[in-house]
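Here's a quick briefing for anyone meeting this structure for the first time. Have a look at it, then read on.

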Amino acid sequence: MILGALALLLAGCIPHGSRNLPPPRHGSRPPAQGQGSAVSLRQCLSGLARADIRYRLLDGRQAGGCTTVNTVQLTDIGVPVTNLGAMTCPLADRFAAWVREDVRSSARYYFGAGLARIETFGTYSCRGVNGVAGARLSEHAFSNAVDVSAFVLDDGRRITVQYGWNGDDRRVREFLRAIHSAGCRRFNIGLGPDANAYHYNHMHFDMGRGPYCR
């Protein structure tokens with residue numbers, strides 16, 4: 001019984017209570033969306049071009065089960081974003097749409113201001129979920145996740161997930177929850193400070209097995 005409970009705890013980043021099936025075990029994970037087909041990659045890249053999203057196609061690398069095969073680096077989506085590295089094309093497409101259509105409009109609605117910059121903790125990272133040694137590989141290890149930490153408005157205000165999610169400013173709290181909910185509709189997985197202690201300072205979005213939002 002104890003060993004079974006421990007196995008479930010280490011199964012992934014998604015908190016208990018998810019109605020999804022357990023994620024595949026390490027070593028049996030299917031390719032991330034956009035990594036398995038040259039045709040699907042071309043179609044996705046064409047979509048980025050039609051949306052006037054600028055990107056750089058990256059050289060693919062594989063090591064230790066991690067991969068950046070068939071990935072892009074976003075260079076211009078209309079709003080500067082820090083620390084963006086390798087992303088699968090579907091992730092890049094959803095992220096750009098989230099920034100352009102959801103975050104910018106929410107900034108205008110809640111603060112009457114434009115969006116000057118988004119800060120992230122990055123995308124690709126060859127590690128286990130939550131950075132725990134021995135855990136199954138995170139979607140970050142497949143260039144299939146992004147962690148968003150802060151938003152800077154064009155009037156100079158800086159809104160962080162860490163201090164704004166449960167902060168004193170009601171508008172900030174509502175703004176962060178609105179864009180988190182919008183992200184859950186865009187991405188397969190959406191996690192924030194309410195998910196677990198590992199996400200106290202950022203929103204995690206990925207294109208892994210879902211849907212799940214917390």
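What follows covers a helix pair and a strand with its neighbours.

This is a predicted model, where local features need pLDDT of at least 70, side-chain atom pairs count only at pLDDT 80 or more, and totals for chains, interfaces and linings use all residues. Residues are numbered from 1 along each chain as its sequence is written, and side-chain values use heavy atoms, with hydrogens and water left out.

**The helix pair**
- The axes of H3 (residues 89-111) and H5 come within 10 Å and cross at roughly 155°, so the two are roughly antiparallel (angles over 145 degrees count as that).
- H3 goes past H5 in a right-handed crossing (the near helix is turned clockwise from the far one by less than a right angle).
- Residues in the contact (heavy atoms within 4.5 Å) include Trp98 and Tyr110 of H3 and Phe175 and Ile179 of H5.

**Serine 181**
- Serine 181 sits in H5, which spans residues 170-186.
- Its relative accessible area is 33%, so serine 181 is partly exposed (between buried, under 20%, and exposed, over 50%, with a 1.4 Å probe and protein chains only).

**Strand E7 and its partners**
- Nine of the nine residues in E7 (residues 145-153) are buried.
- E7 runs antiparallel to E6 (residues 115-122), joined by six bridges (strands pair if DSSP finds at least two).
- Four bridges link E7 to E10 (residues 203-206), also antiparallel, with valine 146 partnering phenylalanine 205.
- E7 and E8 make a hairpin with four residues between them, and glycine 156 in the turn has a positive phi of about 100°.

Terms used. Axes are lines fitted to C-alpha atoms, for helices over the stretch in contact, and angles run from 0 to 180 degrees between N-to-C directions. Angles under 35 degrees count as roughly parallel, over 145 as roughly antiparallel, 65 to 115 as roughly perpendicular and the rest as oblique.
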